[in-house]
Amino acid sequence: MTPDGVTPGEDGDAPRAASRRRLWWPAALAAALALALGVPALVASGTSASGSSSALTAPADDSPEAGFARDMATHHQQAVDLSFIVRDRTADEPVRTLAFDIINTQANQRGMMMGWLDQWGLPQHSPAKPMVWMRMNHTYEAHDGSLMPGMATNAQLAKLRSLGGREAEVYYLQLMLEHHKGGVEMAQGYVDLAKNETEKRLAQSMVVGQTSEIQLITDMLKERGAAPGVPA
């Protein structure tokens with residue numbers, strides 16, 4: 001059994017195994033680059049209590065910078081998990097391409113955010129309620145593994161694992177559409193509060209990229225005769 005849950009030989013060809021290996025290299029490289037290059041820049045661009053943008057200070061544990069890095073990393077991890085699940089349950093090339101792109105991009109970004117937290121000397125997890133750093137009095141209540149808006153529940157993940165072919169494709173697209181909507185809201189929430197230009201640029205790229213994919217996913221659902229929204 002491989003780390004992503006696929007039994008060796010299950011795919012039936014070496015190129016797909018090679019593709020899986022290639023996907024993880026960008027994430028590992030991103031983490032290394034974040035530690036070697038990006039993170040010192042983040043620390044250097046932090047703003048001190050006195051308002052000096054040149055102060056070499058790390059963000060506070062309860063800051064939007066730390067909160068966004070933690071929560072978006074968690075959000076991203078589920079998108080990667082969803083994409084690995086559907087990858088092995090359909091031969092549809094457009095859906096597989098979307099899944100590969102999400103795995104590659106979001107694992108890459110997650111590695112960067114985890115690297116920043118490590119460089120800041122902050123824990124990767126916090127007992128604080130998710131998204132409290134957004135200061136918007138979110139009323140979302142975590143339930144059945146869905147910790148933030150857009151995240152799938154454990155029951156929905158189990159259902160996706162039980163499906164195959166066109167049913168798996170449609171359900172994945174419906175889940176990912178809601179997931180991206182929640183991700184865009186969080187990323188924009190950080191952009192509006194950001195004091196760190198490097199992390200702000202990453203969040204802005206998420207808003208742009210996931211907004212584009214929301215339209216793509218909506219079109220893909222339409223092509224398959226399915227409506228947006230996750231069935232009850």
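Mentor: Glutamate 178 is partly exposed at 26% relative accessibility, and lysine 181 is partly exposed at 41%; partly exposed lies between buried, under 20% relative accessible area, and exposed, over 50% (1.4 Å probe, protein chains only). The model is predicted: local features need pLDDT of at least 70 and side-chain atom pairs pLDDT 80 or more, while totals for chains, interfaces and linings use all residues. Residues are numbered from 1 along each chain as its sequence is written, and side-chain values use heavy atoms, with hydrogens and water left out.

Glutamate 178 and lysine 181 form a salt bridge at 3.5 Å, N to O; the term means a side-chain nitrogen of Lys or Arg within 4 Å of a carboxyl oxygen of Asp or Glu. The two residues are three apart in helix 5, so about one helical turn separates them. Helices (H or I, at least four residues) are DSSP runs, numbered from the N terminus.

Elsewhere, salt bridges with shared partners join Asp92, Arg166, Glu169, Glu223 and Arg224 into one network. Within it, aspartate 92 pairs with arginine 224, the closest N and O atoms being 2.8 Å apart. This pair links distant parts of the chain, 132 residues apart: aspartate 92 sits in the loop between helix 2 (64-87) and helix 3 (93-120), and arginine 224 in the segment after helix 6 (197-223). Arginine 224 also bridges to glutamate 169, with 3.4 Å between the closest N and O atoms. Glutamate 169 lies in helix 5 (residues 165-193), 55 residues from arginine 224. Arginine 224 is buried at 14% relative accessible area, and glutamate 169 is buried at 5%. The structure holds eight salt bridges.
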